[in-house]
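Subject: The structure to look through, and what was found in it

Dear colleague,

I am handing over the structure that we spoke about, and I would be glad if you kept it open while you read.

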Amino acid sequence: MTDTKPLDPEALYRHCDLSAFDFETTAELDDLPELPGQQRATDAIRFGVGMRRDGYNLYALGSPGAGRRALIDDHLRRKAAEQARPPDWVYVNNFDDGYKPLALALPAGRGRDLRDDMKQLVEDLEAALPAAFESDEYRARRKELEQNLEEERGEPFEALTKKAREQGIALIRTARGMAFAPMNEDEEVIPPEEFNKLPEEERERVREKIEKLQNELEKIIQQIPRWQREARRKIRRLDRDITRVAVDNLMEDMRKSWRDQPDVLRYLDAVRDDVIENAGDFADSDDNDGSAMALLGLGDHERGSLTRYRVNLLVDNSATEGAPIVFENHPSHQNLFGRIEHMSQMGNLFTNFTLIKPGALHRANGGYLVIEARKVLVQPFAWESLKRTLFAGELRVESLGQELSLISTVSLEPEALGLDVKVILIGSRLLYFLLNEYDPEFGQLFKVAADFDDSMPRDDDAHRLYARMIATLGRREHLLPLDRAATARVIEHGARQAEDAERVSVHLQRVADLLREADYFARRDDRDVIERADVQATVEARRYRAGRAPERLQEAIRRGVLLIDTDGERVGQINGLSVSNAGQMAFGHASRISARVRLGKGEVKDIQREVKLAGPIFSKAVLTLTGYLGAHYAPDFPLMLGASLVFEQTYGGIEGDSATAAELFALLSALADVPLKQSLAVTGSANQYGEVQPIGAVNEKIEGFFDTCRERGLTGGQGVLIPAANVKHLMLRDDVIEAVRDGKFRVWPFATVDEGLALVTGMPAGERDERGRFPEGSVNDRVQKRLLELAETARAWSRRTGAGRDEGADGESDDGDGAS
Amino acid sequence: MSERIRSILVAVDSSAGGLAALQQAAELARRIDAELSGLFIEDEDLVRLAGLPFARELPAGGGEWRPLSTEVMERDLARLARDLERELEVLAGRLEIPWRFRRRRGRVATELLAACSECELVAVGTAGMRGGPSRLGSTARRLLAEATSSVMLIAPGAVLRAASFAVVFDAGQAAEGALARALELTPPDRSLDVLIAVDDRAAADTLKARARELAGTRALRFRTLREKSGSALLDSLADLAPLMLVLGETDWIEPPMLERIVARLDGGLLRVRTRD
């Protein structure tokens, strides 16, 4: 037998000490400034946020709902409030190259001013320039100029006309041009019949005169394009003079108000020059603004659009307090880096600098950008572009189409903006480790890891802190306060979620959810304070809501569909325990493990492993078991065993090593031909030395077998064997504890395989004496003897079939003698 | 007092100035409810020119010389006449004014002067058909000098609808006739500028009083020339809006000065002849 004692009820649940609470309800407690249990993460965030050097971006790693975002938000807000507002950013037209808009940084709030100033300027110009060109002064100067030009142009014609007339020749304007003809005394063209009557010499003389005049006329006509060019140039100069006066007048105040911004002054100079060159665009601009054509921008001089004088206010920090904090929930490429929109006109796509739209990085420039790592990684090209941008320290708006050369049409190449942003990625630990391993640039850019813990140690101080966190969350969510017992229950539930009686979960979202649901029950029952019963009701309601799968499973056991014994004894058969996930709830249940042994080559075959239904950890456990078997029982003779192990009635994959002990017990039972108690279930991992190691989800596993036993009727002999190292993890349900207190159910801790073996067989396992022999009749003795028998049989078989051949020991032999 | 204008005769041709004159004359006819009579004169000189053995023309925009022939010229003139008639028809139809179109062959100035007896007002463009782009064509010059009816010289690019009228008012019957015509042509809701031309400043008030008397309820704005001279008149035009200047028969403006004045006017010049 064994000396191992079942656990007392007190060991199955660690209660909060209510006397440590110096409050009646959480309403009396102050807010907690920082999350409890996250000191390491808090320090990392503080360091990362304060470190203004390249590459010191943050990665906040932890499980979802751990409060990463809330903690980051809280820190960023405090830090950002101390920082100066970053500048506004605007895009303006580049008058030298319309395809490359210019980016201007302006003091916060002044981007809007520049936009409004330019809008006003254009409106003023629209009124002032036409008025200037309709003014008497302009008209008089233009008329004078035109008259002068006309006179200059007319002089050669008049001179030629005069010269012709002196020779008796008229210069006549025809419908299409000009011609020469001889005149009579009345200055009329000589009729052809009269001309033809003239002597030949006279006619020839006239023809020669006309030919010479025609040559002269030709030369004059050839001058016309030059005159026209000259005329246009002079009129243009006049227009420029008139425009210059009007523009300078209108821009004078504007230039004064922007004298502290050299970039803006340079831009205004370019605007002035462009207006002077294109004053005609203001002549009839009523229907330009707002029309689709007006928005086309590129090459819009021809269309007289005034869009080029607009200011695209890309980032407006006029209402920003301190540094900006941007949470981008959909970090697609264009949401991060901005985009260049296009307009369709007559089936063609057009764009201009006013259609450049900002991304989250633009808005966060000078501050902080928070994004979820997974989301940015799954967005095409977003991650690579983000890294490139952070390395470059400048932000370019570039469409994916351009970047991938999918679109070769002419588009914009906006000037890059200087980038000063702290990027904070929120993600899982796995992703963090994978990025570190596989992305060499990740470590250079995200040098600060804020590692969020999932739980914190339990003690009275921690309980008090936790109570304050509950109070803070409750106030933030406008929930009812909790009394002390309810607070304790929340903490105890936190310990259960941490799977550790000595720790408590700091998973903020889960705590908040629990409080919200408890608040619902308290309000439903017209209570002003959340009581322990409300928290308990919440926990039970959750269990009930998630209870379909475990209930169906228990029902299948009860109805004998799933073969699980809870009394009697069987050789080579034991109740293992496994845990399944049903959404957010995990539940445990018993699984029958059986073992058969025969003569073999020293192999323990696990059926799950053979058919690839087992994971690598499970396979490792089976091999470990083989190692234990050989070393413990057959250190000096061949292990000629062929054993098979199977998880009965399982149809899916199995992973984990928590069934190692149970499998070992089944195998030893089969070898020793010693029956095992079916009233017990076993969970526990074991190493090659027979030491039992802790496993996960111990509470769920115990409760799963308890539920099966309760369905069948608790006999007092039923119970679960758990690794001794798992005792500190126990936070069991009340009904389990009650049954234990009533002696109807038991939980045994075991630290070694031998301890467990004694419990499941009801026989001493047996320890080797000083001669290395197990006590006669002990389980271990029987196992060793059986293994010796198998070895002997194998040797005899080998002799019979010939030296050097060992077919007889082949595991594939049909010989069934070795089977137990 | 002259009778109201019942018919405006406009000389039509294919030049830009001629088409502009047609347009403006039509607008004016509509305003004063007059008939528009288009006269296309097939220039005899052109027909003769085309018949000459070495006749050829140089296109206005430059290029190669093109030979001319009588057949081509006749065909061109006939087509041009059709086009101009059609132009007049469309214009008159749009403005809903009575119209007629005539085609004569002869010398332009002669035919126009002959036509003066058939109407109260002859309208022509200021630019001439013969010779280069001089300020005033020979036809306009002859009309100013010899026409028996009132003559309107319409400047290229003139928009009479937007132009205001100003009348030169000096002592005499011709000035009163000119004032009457100016009042007739000025829309009733607009004031008429009256340029008082008198050497004696004291007489200016008398003239103003007379002008007011003649204008009745119509609004007048007075401006007194510094002296009764062509140059003073020219100077006074500098700060006036786009203008059609109405001028009676005067002996104090020499023809060259009159040409300079015409050149300065955006709208043009209306030289009023008062018939006994």
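In what follows, helices (H or I, at least four residues) and strands (E, at least two) are DSSP runs, numbered from the N terminus. Counted in this way, chain A holds 26 helices and 29 strands. Please keep in mind throughout that this is a predicted model.

Chain A as a whole

Chain A has 820 residues, of which 42% count as buried. If you take the contacts in chain A between residues at least 6 apart in sequence, 76% of them join residues at least 24 apart.

The parallel sheet

Five of the strands of chain A deserve a look together: 5 strands form an open sheet in the order 7-12-15-1-16, and the pairing is parallel. At its edges stand strand 7 (325-328) and strand 16 (448-451) of chain A, each of which pairs on one side only. On average, neighbouring strands of this sheet are turned by 20 degrees against each other, direction ignored. Within the sheet, strand 1 (residues 58-61) and strand 15 (residues 422-427) of chain A pair in the parallel sense over 4 bridges, and Ala60(A) stands opposite Ile426(A) in strand 15 of chain A.

The mixed sheet

Another open sheet of chain A is formed by 7 strands in the order 22-23-21-20-25-28-29, and here the pairing is mixed. Strand 22 (603-606) and strand 29 (746-750) of chain A stand at the edges with a single partner strand each, so one side of each is left without a neighbour in the sheet. From one strand to the next, the twist averages 30 degrees.

Strand 28 (residues 719-723) of chain A runs parallel to strand 29 of chain A and is joined to it by 5 bridges. Together with helix 24 (residues 734-741) of chain A, strand 28 and strand 29 of chain A make a right-handed β-α-β unit.

Elsewhere on this sheet, helix 19 (residues 548-558) of chain A lies across strand 20 (573-582) and strand 21 (585-599) of chain A, and runs at about 40 degrees to strand 21 of chain A. Strand 21 of chain A is also the place of Ala595(A), which is buried, with 26 other C-beta atoms within 10 Å. Although Ala595(A) and Leu667(A) are 72 residues apart in sequence, they are 5.2 Å apart in space, C-alpha to C-alpha. Leaving aside neighbours within four places in sequence, the residues in contact with Ala595(A) include Gly572(A), Ala643(A), Leu667(A) and Ala670(A).

In soluble globular proteins, nonpolar side chains tend to be buried together. The largest nonpolar core of this model has 190 residues, and among those with the most contacts inside it are Ala60(A), Tyr368(A) and Leu667(A). Helix 22 (residues 660-672) of chain A gives the largest share of this core, 10 residues. Apart from it lies another core, of 76 residues, among them Val10(B), Leu36(B), Ile196(B) and Val262(B).

Where the chains meet

How many residues of chain B are in contact with chain A? There are 29 of them, and they are in contact with 34 residues of chain A. Helix 2 (44-51), strand 3 (56-59) and helix 3 (70-95) of chain B each supply at least two residues of this side of chain B, and the largest share, 5 residues, comes from helix 2 of chain B. By class, the side of chain B that touches chain A has 15 nonpolar, 6 polar and 8 charged residues.

Helix 2 of chain B is mostly covered, with 6 of its 8 residues buried, including Leu46(B), Arg48(B) and Leu49(B). The buried residues of this helix pack against elements of both chains, among them strand 4 (169-173) and helix 5 (192-197) of chain A and strand 2 (35-43) of chain B. Strand 5 (residues 177-182) of chain A and strand 3 of chain B run antiparallel and are joined by 3 bridges, in which Met178(A) has Leu58(B) as its bridge partner.

With best wishes

Note on methods: Residues are numbered from 1 along each chain as its sequence is written. Chains are lettered from A and ligands numbered from 1 in the order in which they are written. This is a predicted model: local features need pLDDT of at least 70, side-chain atom pairs count only at pLDDT 80 or more; totals for chains, interfaces and linings use all residues. Two residues are in contact if their C-beta atoms, placed from the backbone, lie within 7 Å. Ala, Val, Leu, Ile, Met, Phe, Trp, Tyr, Cys and Pro count as nonpolar, Asp, Glu, Lys and Arg as charged, and the others, Gly among them, as polar. Two strands pair if DSSP finds at least two bridges between them. A nonpolar core is a set of buried Ala, Val, Leu, Ile, Met, Phe, Trp, Tyr and Cys residues joined through C-beta atoms within 7 Å. A residue is buried if 20 or more other C-beta atoms lie within 10 Å of its own, exposed if 12 or fewer, and partly exposed in between; C-beta atoms are placed from the backbone. Axes are lines fitted to C-alpha atoms, for helices over the stretch in contact, and angles run from 0 to 180 degrees between N-to-C directions. A crossover is right-handed if, with the strands pointing away from the viewer, the path from the first strand over the helix to the second runs clockwise.
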